[in-house]
Each structure stands twice: as structure tokens, then as C-alpha cells.
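Hi everyone, thanks for making time for this one. Let me put the model up on the screen, and then I'll walk you through it.

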Amino acid sequence: MKALLTMIGWCVLLVLCWPIALLVLVLWPFVFLLSLPFRLIGVTFEAVFALLRAILFLPARVLGHRG
């Protein structure tokens, strides 16, 4: 269903404002490549915070707290 709505949206954009639609299609790979380092940094920070949370809550888990 989401793919169908996306396709309909692209068709409407192409009909109403085709230069912007073509510009988005050309620029999207570059935007994706520029966003990759930020995604990797986000995944790294998420893993670090999950590790810190696991270390901080380890004593409570060892003592049997279920929360």
C-alpha cells in the first residue's frame, strides 16, 4: 500500500511540477551518500548508550529486579 501511494505521489509531482521531480530523482543518490556517515554515527552512539545502560543496570538485574 505504501509503495502504491509513493508511486501515485511521484506521478502527481511529475505531472504538476516535472522539473522538481526530475531534480529530486537526480539528487537523491547524492543526498543518500552524504547521509551515510551520519547514519553510521547514529548507530554507533545507539550501541554505546545501550552498552552503558546494560552496564549500569547490571547490579539490579543480578539482584533480581524485573522492570
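**Cysteines first, then the rest**

Let's begin at cysteine 17, which is partly exposed because its relative accessible area is 26%; the bands here are buried under 20%, exposed over 50% and partly exposed in between, with a 1.4 Å probe and protein chains only. Before going on, a word on what we are looking at: this is a predicted model, where local features need pLDDT of at least 70, side-chain atom pairs count only at pLDDT 80 or more, and totals for chains, interfaces and linings use all residues. Residues are numbered from 1 along each chain as its sequence is written, and side-chain values use heavy atoms, with hydrogens and water left out.

Now the overall architecture. The protein chain has two helices and zero strands; these are DSSP runs, numbered from the N terminus, with H or I over at least four residues for helices and E over at least two for strands. Helix α2 covers residues 18-62 and includes leucine 36. Leucine 22 lies in helix α2 as well. From leucine 22 to isoleucine 55 we have 33 residues in sequence and 50 Å in space, C-alpha to C-alpha.

What about the dimensions? The C-alpha trace spans about 65 × 30 × 10 Å along its principal axes. The radius of gyration is 22 Å, while a compact globule of 67 residues would come near 11 Å; that is taken over C-alpha atoms, and the globule rule is 2.2 Å times the number of residues to the power 0.38.

Finally, the surface. Buried residues are 1% of the 67 in the chain. The accessible surface is about 6,500 Å², with 81% of it on carbon and sulfur atoms, by the Shrake-Rupley method with a 1.4 Å probe. Leucine 22 is partly exposed, at 40% relative accessible area, and leucine 36 is partly exposed too, at 32%.

Thanks, everyone, and I'm happy to take questions!
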